[in-house]
Amino acid sequence: MSHVVQEKWSSGTAFLLAAIGSAVGLGNIYRFPYVVGENGGGAFVLLYLGIVIVFGIPLVMTELTIGRRRQVPPITAYTQLSEGKKSQPFWIFAGYSSVITPLGILGFYFVIAGWTLNYVFKILTGKLSNLAEGDTQAVFADMMASPGTLIFWMTLSVIITAFIISRGIKAGLEKAVNILMPMLFVILLSLVAYSAFNGGMAETFEFMFTPDFEKINMKTLLEATGQAFFSLSLGSATMLVYGSYLPKEVSIPKMACGVAFADTFVALVSGFAIFPIIFTNGMELNSGPGLVFETLPVIFDQMPFGNVFGIMFFLLLAFAAITSTISLFEPAVSNLEERGIFTRRKASLVVGIGLWCLAALSALSLNVLSDWHPLAFNSTLENKNIMDLLEYLSANGMMLVNALFAAIFLGWIVNRKESLEELGLGDSWLFKFWRSIIKYVVPPIVGYLIIDFLGYGLI
Ligand code: TRP
């Protein structure tokens, strides 16, 4: 079936940078700090770390293995690895599901990526300077109320992403992450240094690491798992497709640990970039987009060199977003190209146009279409507009389902020998441990979370 020989990453390091670029995104910098804030600080962080170690790393290994085993795009990987099994049609469906999910995620992610680009521009052009109390709320509300602004900046994020993808693995993705990721780290660490210099570190430590176990319940477990899966780019075809470009000699377990470590490090460190300046300025720790789009601009406006750091902060968000959007965009393009349906460039264009339409609907659901609740017949979904629905169904629901499929597939369906060879751990206790986790631990727990998710009124 394959019409095109797949390009490969030039090295393990190139892959690592791209995979970390995928994992590190709005989920880490924009979402993690406020989810921690909402869910009781330290106890949530501990729970999150536990989930990353117990499920996260084994699942990253699982998805990379499915991708690299035959070095083909995700749908073909599921098809080939289930060759000769009665359940093959189901696994082909699982392949499709894993490719469609990231498209659903992009439907809202592109819009938020657009906000970050718009804020870089706003701060550069002085639109966030000399503000009075409450003005930043108005600036944010104005942006949300303006279809033209939202669509313009969303379009820019789609174009940048499609352009990078159209150039291919080495000249496109690899080159982009080679430039963006080092800048991202430098900016992040400068922001932490700036924060530390201004005080508030002790409060941040206390806030992020003092465990309040009373806040931990089923809902926080679901929230932490969802956050971990989203942050590690699990439960979609992202890791499968990045894995399929990974040269055979590179160790998957090592790569998985590297990605999980860097991703968690950035999530935690982002907390240390954001919380101290909030605490020292006596600002409300609000949740949601307000934290970075309303509270932080006020502080940047008031602090010495705040403007410079403000620009750096929104650039950080934008870079993190773009290295993630490319990883969400690549699976569909990879499949279309391999099947000879389109060349890579045409596929990037077609997928880009389709996603632009979806993201435009999302953007409009923040203003003119805000009262349109397409799935109003369901009690859980009745108040959700398009953007909420995309987030809820793809980033919460489908991601769990796809992760469950991947674990069951490699744990129970695919011959043990395939992963034994691919992981390069030998028939060691580590290999057995990994396999037991994906066979016996992941399915019941993720299955339970899915039932719980559905139980919130979906069915
Ligand atoms: N991990 C990214 C973030 O934290 C988002 C992302 C990229 C993603 N690829 C993904 C999420 C695949 C789910 C699935 O922002």
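Ala, Val, Leu, Ile, Met, Phe, Trp, Tyr, Cys and Pro count here as nonpolar, Asp, Glu, Lys and Arg as charged, and the others, Gly among them, as polar. On that basis the shell around the ligand holds eight nonpolar residues, 10 polar residues and no charged ones. The model is predicted.

## The ligand site

The shell has 18 residues. Closest to the ligand are Ala23, Gly27, Tyr109, Phe230 and Ser236.

How much of the ligand does the protein bury? Taken alone, the ligand exposes 360 Å², and the protein buries 100% of that.

## The cavity

Where does the ligand sit? The space it takes is the largest cavity. The structure holds one cavity of 30 Å³ or more. About 130 Å³ of space lies in the largest cavity. Its lining has 18 residues. Ser22, Tyr109, Phe230, Ser233 and Leu328 are the closest to the cavity centre. Helix 1, helix 2, helix 5, helix 10 and helix 14 each supply at least two residues of this lining. By class, the cavity lining divides into eight nonpolar, 10 polar and no charged residues.

## The largest pocket

The largest pocket has a volume of about 860 Å³. It is lined by 31 residues. Nearest its centre lie Arg31, Glu223, Glu391, Tyr392 and Asn396. Which helices build the lining? Helix 2, helix 5, helix 10 and helix 16 (386–413) each supply at least two residues. Helix 16 gives the most, with seven residues. The lining of the largest pocket comprises 18 nonpolar, six polar and seven charged residues.

Helix 2, helix 5 and helix 10 each contribute at least two residues to the lining of the largest pocket. These helices also each supply at least two residues of the cavity lining.

## The second largest pocket

The second largest pocket has a volume of about 240 Å³. What classes of residue line it? The lining has 12 nonpolar, no polar and no charged residues. The lining residues are Ile53, Val54, Ile57, Pro58, Met61, Pro253, Cys257, Leu425, Leu430, Phe433, Trp434 and Ile437. Helix 3 (42–69), helix 12 (252–280) and helix 18 (429–455) each give two or more residues to this lining. Helix 3 gives the most, with five residues.

Methods: Residues are numbered from 1 along each chain as its sequence is written. This is a predicted model: local features need pLDDT of at least 70, side-chain atom pairs count only at pLDDT 80 or more; totals for chains, interfaces and linings use all residues. Side-chain values use heavy atoms; hydrogens and water are left out. A residue is near a molecule or strand if one of its heavy atoms lies within 4 Å of it. Accessible areas come from the Shrake-Rupley method with a 1.4 Å probe; for residues, only the protein chains shown count as cover. On a 1 Å grid over the protein atoms alone, a cavity is a set of points where a 1.4 Å probe fits but cannot get out, and a pocket is an open set with protein on both sides within 12 Å along at least five of seven lines; lining residues have an atom within 4 Å of a point. A molecule sits in a cavity or pocket if more than half of its atoms lie within 2 Å of its grid points. Grid points are joined across faces, edges and corners, and a volume is the space filled by probe spheres set on the points. Helices (H or I, at least four residues) and strands (E, at least two) are DSSP runs, numbered from the N terminus.
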